[in-house]
Amino acid sequence: MYDFIAIGLGPFNLSLACMAEPVENLNCLFLDKKTEFSWHPGMLLDGTTLQNPFMADMVTLADPTSRYTYLNYAKQHGRLYRYFIRENWYLDRHEFNRYCQWVAAQLSNVRFAHEVQDISYDEQEQVYQVCGVHAQTGTPFAYQARKLVIGIGSLPRFPGVFSQPADAAKAIHSGFYLEHKAQLQRCKNVTVIGSGQSGAEIFYDLLQGSAEHGYSLNWVTRSDRFFQMETAKLTLELLTPEYAEYFYGLPEAQKASTLSSQQGVFKGINQSLISKIYDSLDERSLHKLPPVKLLSNLGLQSAEQRDDGQWALRMKHQKLGNEFEHVTDGLIFATGYGYQLPGFIEGIRERIRWDAQGCYQASRTWAVDHQEREIYVQNVGLQSHGMANPDLGLACYRNGRLLHQLTGVDHYPCDPRIAFQEFSPRVGDGFTALAS
Ligand SMILES: Cc1cc2nc3c(=O)[nH]c(=O)nc-3n(C[C@H](O)[C@H](O)[C@H](O)COP(=O)(O)OP(=O)(O)OC[C@H]3O[C@@H](n4cnc5c(N)ncnc54)[C@H](O)[C@@H]3O)c2cc1C
């Protein structure tokens with residue numbers, strides 16, 4: 001019998017596994033359906049980096065003395081001095097993946113190739129029964145636990161533009177870019193939809209191959225520009241525990257408008273990539289090369305694959321209201337990810353609190369069961385918990401709070417004050433609350 005079982009071993013639960021391991025008398029198990037840790041393999045492009053400094057590894061921000069820090073990984077692999085000389089705080093994405101694999105290989109509480117398919121609750125014993133199959137052997141497994149942590153990430157999301165379900169099935173999402181890259185590069189023209197970091201990385205990657213393979217390239221966004229990710233220091237204070245706490249306490253009506261005003265912080269393209277793209281466009285403009293277009297203000301209305309395999313795209317100018325048709329043979333959607341409720345939740349549906357939209361209603365401490373002390377979720381609820389949710393820099397903070405909930409002991413106390421700005425004035429410190 002485990003104290004808790006965590007489902008999914010993406011970076012968030014992997015970090016929890018590292019932080020749980022040294023806690024005495026805590027018996028926990030982490031399960032993932034993949035055969036090994038692999039971080040968004042379809043987007044492991046050469047030359048791409050994490051958006052957070054390396055200290056946002058699995059443990060450093062909770063316990064820099066842990067053996068699972070990135071710096072220890074670099075030391076163990078003889079890379080510490082090179083990293084020091086390189087002076088780059090932003091880990092290469094391949095390097096981050098290798099580091100996470102190294103971490104996972106040392107943990108005794110993780111099991112890969114374990115796909116969870118069903119969870120039920122035994123009222124008499126007051127335990128959760130977690131069942132599934134081994135992904136390689138097909139052998140069934142069943143484990144019991146008092147509590148659960150669900151950290152299964154999100155799935156590729158397409159806009160609702162397909163008139164035929166068969167077209168949706170044939171469309172390519174950025175999450176699977178690498179396995180379709182060769183196919184896209186055989187096209188005469190390729191259209192990339194979406195101007196977030198993934199869209200920009202794919203556009204830049206395809207731009208490098210356009211001359212050699214001879215395809216033209218279009219990059220389309222409905223935004224009014226290809227905007228940069230905001231990384232000013234005082235803005236980064238919005239990615240602190242204090243801001244996460246403040247955001248959770250906002251009135252519901254305020255949360256949506258606050259989030260939409262923060263698009264530049266958790267969406268957008270990093271500055272160095274924008275520069276590389278611009279410089280590349282400028283250099284290629286001096287030569288006779290296949291055309292490249294960047295199109296802003298264009299919202300995709302519909303996408304239909306014709307009999308000849310080409311995609312007919314209907315687009316609407318977001319400000320002028322006029323519509324256009326664009327035909328392309330290569331098409332890739334970099335349109336983000338969304339949460340999908342897992343099938344295994346059905347057996348414990350009654351134990352979970354749901355909001356009006358049928359999503360988990362997570363408490364301040366990410367509990368979703370009625371008692372707020374048994375079932376926890378990772379990286380769910382952007383609308384309720386804000387942009388801290390998917391940010392790797394806040395993994396240690398959330399996992400510290402989760403372990404506190406799971407064990408009743410605060411093993412990883414958070415720094416008392418991080419942000420210089422006060423998101424709401426502290427009363428009694430020069431500010432008096434007025435009656436409203
Ligand atoms: C390309 C890309 C780059 C990103 N870069 C950054 C960045 O630099 N900084 C940042 O802060 N954020 C970044 N993000 C956002 C976010 O941090 C990542 O998406 C992160 O991987 C989310 O971690 P996770 O643990 O929630 O889920 P995931 O990484 O998606 O992992 C979920 C795991 O659950 C497993 N699983 C699912 N269902 C089951 C089941 N039934 N049984 C067992 N296992 C199951 C899956 O196999 C998977 O391994 C990036 C996102 C993407 C797509």
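## Residue N389

A polar atom in the side chain of N389 lies 2.7 Å from the backbone oxygen of V380. The backbone oxygen of G381 is 3.1 Å from a polar atom of the N389 side chain. Such a polar contact is a pair of N or O atoms within 3.5 Å; within protein, one must be able to donate a hydrogen and the other to accept it, and residues adjacent in sequence count only if both atoms are side-chain atoms.

N389 is placed in the loop between α13 (382–385) and α14 (395–407). Helices (H or I, at least four residues) and strands (E, at least two) are DSSP runs, numbered from the N terminus. N389 has a relative accessible area of 3% and is therefore buried, a term that means under 20% relative accessible area, with exposed over 50% and partly exposed in between (1.4 Å probe, protein chains only).

## Basis of the model

This is a predicted model, in which local features need pLDDT of at least 70 and side-chain atom pairs count only at pLDDT 80 or more, while totals for chains, interfaces and linings use all residues. Residues are numbered from 1 along each chain as its sequence is written, and side-chain values use heavy atoms, with hydrogens and water left out.

## The ligand and its shell

The ligand is surrounded by 29 residues, of which D32, W39, Q51, N52 and L392 are the closest; a residue counts as near if one of its heavy atoms lies within 4 Å. By class, this shell holds 14 nonpolar, nine polar and six charged residues. α1 (11–20) and β4 (114–122) each supply at least two residues of the shell, and β4 gives the most, with three.

An oxygen atom of the ligand is 2.7 Å from a polar backbone atom of L392. A nitrogen atom of the ligand is 3.1 Å from a polar backbone atom of K33. The protein buries 87% of the 990 Å² that the ligand exposes when taken alone, with areas from the Shrake-Rupley method and a 1.4 Å probe.

## Helix α7

Helix α7 (residues 197–213) has 17 residues and reaches 24 Å from its first C-alpha to its last, close to the expected 24 Å; the expected span is 1.5 Å times one less than the number of residues. A kink of about 30° is centred on L207, the bend being the angle between axes fitted to the seven residues ending there and the seven starting there.

Twelve of the 17 residues of α7 are buried, so the helix is largely enclosed by the rest of the structure. Among them are Q197, F203, Y204 and L207. G214 follows α7 and has a positive phi, near 80°.

Terms used:
Nonpolar A, V, L, I, M, F, W, Y, C, P; charged D, E, K, R; others polar.
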